[in-house]
Amino acid sequence: MYPRKINESVFAVGAVDWDRTLFDALIPLPYGTTYNSYLVQGSEKTVLIDTVDPAKISVLKRNLNSLNIDHIDYIVSNHAEQDHSGSIPEILDLFPMAKLLTGKKGQDMLLPLLDIAPAKIQVVEDRETLSLGDKTLQFIFAPWVHWPETMFSYLVEEQLLFSCDLFGAHLASSELYASKNEHTIQEAKRYYAEIMMPYGTRVAKHLETLKDFKIDTIAPSHGPVYDQPEQILSAYHEWVAGDLKNEVVIIYVTMHGSTEELVFRLTDELVKRNISVTPLNTVTASLGDLALSLVDAKTVILGSPAYLMGAHPNLVYAAYLVNTLKPRTQNIGIIGSFGWGNKMVNQLTDMLKDLTAEYLPPVLVKGQPRQEDNDQIKALADRIQELHRT
Ligand code: FEO
């Protein structure tokens, strides 16, 4: 994509990666992604905010070339992860007079990650300002979104926040602005669930910090630019601290249909009680769908058949992910079937040790569920309904 003008002094010069399907060899990208890099031109100094994934360095170079940029004074690294920093060495080679600005933690991470001469780095402090002539850039440390060194850069006169990964979305689009793309908030929520949710408490603090700044535009490192930032800001407030919803997510796998029968019976009982239910079969549901479903759900149910005395490996993986993603869910239940014995309740409970949630009475059935097992399922649904009322 060619460079896009955001205002008289700021251009989006990053790359759209339409074809990428997987991030971190883990996260599916149903709509590709972007690596956003921004050029800020003051009357005296020119700054590049972050770079792009090294696979797309040719796009960044082409964009700078098409703007006739023959001099860059500073490259700001808001985040050391390689999808934003990986092209810094080549850009430093192209613009040898440029200094690389980052915080101390950023320096400590960039030096071992990239081949950069230490003398090229100029360490900045939290809230330090940099004059570009008629514009001022301010650095705002924002650790743990989602690495320890992350920071924002704020273009004071334009009230424009470069927010690094925070508020990002893995969404390749020909539209520069979020207001022009109906998928942005949903994909930002998916991104929040996959990347930011484990740091929800930190994110909440950063949202409080940002209340001190007038923000007209948010330019994140992935996905569209927010020209109406109140939309994403209020969405984030909801995701990190809003009331959990009257929703149950059932993450399950089945081998011969017994666990699935329990899942369907529980689904029916919950629906009868006006509770929203999302059954997610781990064979077909993506990691993104799983993460997304966890943001708002008040209750999570894990459903598994016994496998070699424990839970099925799919559910072991799912429990590991749930524990790692740290959703705010308040209630956890375990249901499943077994043939001759199982230890899945202890196994899965141990794996979810980082969550602070109430455990519901497990429902474990030997063999195929019978009519008489319905009492346990109904009791579980009743308990969930009771908890969802409070
Ligand atoms: Fe988009 Fe954490 O890098």
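Is His-388 buried or exposed? His-388 is buried, with a relative accessible area of 11%; buried means under 20% relative accessible area, exposed over 50%, and partly exposed in between, with a 1.4 Å probe and protein chains only.

Before going on, the basis. This is a predicted model, in which local features need pLDDT of at least 70 and side-chain atom pairs count only at pLDDT 80 or more, while totals for chains, interfaces and linings use all residues. Residues are numbered from 1 along each chain as its sequence is written, and side-chain values use heavy atoms, with hydrogens and water left out.

Back to the histidine. His-388 sits in helix α12, residues 374-389. Helices here are DSSP runs of H or I with at least four residues, strands are runs of E with at least two, and both are numbered from the N terminus. Setting aside neighbours within four places in sequence, His-388 has contacts with Lys-245, Asn-246, Glu-247, Val-248, Ile-275, Lys-298, Thr-299 and Asn-331, where contact means heavy atoms within 4.5 Å.

Now the whole protein. There are 12 helices and 23 strands, and the C-alpha trace spans about 80 × 40 × 35 Å along its principal axes. Of the 390 residues, 57% are buried. Among contacts with a separation of 6 or more, 72% join residues 24 or more positions apart.

Next, helix α5, residues 184-196. In α5, 11 of the 13 residues are buried, including Lys-189, Arg-190 and Glu-194. The cover over these buried residues includes β5 (27-28), α6 (200-210), α7 (230-241), α9 (287-294) and α10 (313-325).

Last, the cavities. A cavity is a set of points, on a 1 Å grid over the protein atoms alone, where a 1.4 Å probe fits but cannot get out; lining residues have an atom within 4 Å of a point. Grid points are joined across faces, edges and corners, and volume is the space filled by probe spheres set on the points. There are three cavities of 30 Å³ or more.

Strands β3 (15-17) and β6 (33-35) each supply at least two lining residues.

The second largest cavity holds about 40 Å³.

Note on methods: On a 1 Å grid over the protein atoms alone, a cavity is a set of points where a 1.4 Å probe fits but cannot get out, and a pocket is an open set with protein on both sides within 12 Å along at least five of seven lines; lining residues have an atom within 4 Å of a point.
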